Every structure is written in structure tokens, then in C-alpha cells.
Amino acid sequence: IKTTITMKKLLILSVVIIGSVFLYNDSKAQASWEVGARFGSRGSVEATIPVGMAPRIQPAVYFYGSSSLPNSFGIAGYFDWMFKLSDGPSGLKFFPGVGPEFYFDNQFNMSVAGNFGVEYAFDIPLTIAFDWRPAIFLTNGHGFEAANVGISARFRFGESVKFEKTN
């Protein structure tokens, strides 16, 4: 059973990453896409895929657990709107967002979650973010959860890469 759960996690992670690459290739965005890890109440592997000048899609695969449910995982996808401060540092942005979350442990749970945070893109290809993802669960009890807080570190792809014709 443990091998089956691990294989399911790998399959879902692969689908999210491959889907992210295809979405990125179809977008006409001016920004870079990112891949990294989120640490906090629910750790995850996540990506950011720009879909225009300011919005982005942020898929995440959550890995979490407890002593009674050690192999729990979830998948989520958030649509974020990015904003810069007019007189702030150039790498500093804040974002509100929303999206569905699906959790698979001893029962299936689905929620609609907000994604609110601030991030800073350094001059090197590294972005650090702090976010809060409150959720309203639509299944199994219809509850509200406010405890999903995390810090992310993501690597930016596609920056400063220019291909020039040489003679």
C-alpha cells in the first residue's frame, strides 16, 4: 500500500510539472516561470506560470501528514494577481489569489482557498515568498481553515537567457 501511495504522488507531481511546462509554452507572458518548495503548515512543491503581464497560475502538490495519516497529499491550483508597490523595491510584489484544493488522505476533501502573500525577487534567479492560504472546505464537514501559512523559495527560469546569431 505504501508503494501505491508513493507512485500516486509521483504521478500527480509529474502531471503538474508537465502541465505547467505546456501552459508556460502557450502563454504570451513577459515574466519568468519558477519552481520551488514551500515550507510551513503544509509543505509543497510548487511552480508559478505567468499567463500575462500580471496574473499567474500557481500549481502546488502538498505533502503532509500526522502519526495517524502519515502519507497524506493534495493538489491545488491558484490564480494570482501580481501587484508592485509604486515607490517600493523593484523585486517586491504582493498578490491576492484564489483556487481549488483537493486533498487525499483517509477521505477525499475539496476546498476553495485564497492565496494572499508577498514575495521578493532577488537579482539572482531566486524568489522568496510568504503567504497565507485560508480555505473553505466544501466536503466532509464544510469547515473553514485559516492555518495554512508558509514560506517559499523558488528558482526562476528563463531570465537573462538570450540566444544570438553568431557569424
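The structure is a predicted model in which local features were required to have a pLDDT of at least 70, side-chain atom pairs were counted only at pLDDT 80 or more, and totals for chains, interfaces and linings use all residues. Residues are numbered from 1 along each chain as its sequence is written, and side-chain values use heavy atoms, with hydrogens and water left out.

The protein chain contains one helix and 13 strands, where helices (H or I, at least four residues) and strands (E, at least two) are DSSP runs numbered from the N terminus. Along the sequence the order is α-β-β-β-β-β-β-β-β-β-β-β-β-β. The mean pLDDT (the predictor's confidence in each residue, from 0 to 100) of the protein chain is 82, and 73% of the residues score at least 70. Confidence is lowest in helix 1 (residues 2-26), with a mean of 55, and highest in strand 10, with 97. Over residues 21-30 the pLDDT is below 50, and this stretch has 14 contacts in the model beyond near neighbours in sequence, a contact being defined as heavy atoms within 4.5 Å. Where pLDDT is low, the predicted coordinates should not be read in detail.

Of the 167 residues of the protein chain, 35% count as buried, a class that denotes under 20% relative accessible area, as against exposed (over 50%) and partly exposed (in between), with a 1.4 Å probe and protein chains only. Among contacts between residues at least 6 apart in sequence, 45% join residues at least 24 apart.

Strand pairing, for which DSSP must find at least two bridges between two strands, places strand 9 beside strands 6 and 10. Strand 6 (residues 92-95) runs antiparallel to strand 9 and is joined to strand 9 by four bridges, with phenylalanine 95 standing opposite glycine 117. Strand 9 also pairs with strand 10 in the antiparallel sense, over six bridges, and these two strands form a hairpin with four residues between them. Within this pairing, phenylalanine 116 has tryptophan 132 in strand 10 as its bridge partner.

Nine salt bridges were found in the whole structure, each being a side-chain nitrogen of Lys or Arg within 4 Å of a carboxyl oxygen of Asp or Glu. Glutamate 145 and arginine 42 form one of them, with their closest N and O atoms 3.0 Å apart. This pair links glutamate 145 in strand 12 (residues 144-145) with arginine 42 in the loop between strand 1 (33-40) and strand 2 (43-50), 103 residues apart. Glutamate 145 is partly exposed, at 21% relative accessibility, whereas arginine 42 is buried at 13%.

A salt bridge also joins the side chains of arginine 133 and glutamate 46 (3.1 Å, N to O). Because arginine 133 lies in the loop between strand 10 (126-132) and strand 11 (135-137) and glutamate 46 in strand 2, this pair ties together parts that are 87 residues apart in sequence. Both partners are buried, arginine 133 at 0% relative accessibility and glutamate 46 at 2%. In a further salt bridge, the closest N and O atoms of glutamate 119 and arginine 56 are 3.1 Å apart, linking strand 9 (residues 116-121) with strand 3 (residues 55-64) across 63 residues. Glutamate 119 is buried at 7% relative accessibility, and arginine 56 is buried at 6%. Glu46, Arg133, Glu119 and Arg56 are among the members of a salt-bridge network that also includes Glu34, Arg38, Asp80, Asp131 and Arg154.
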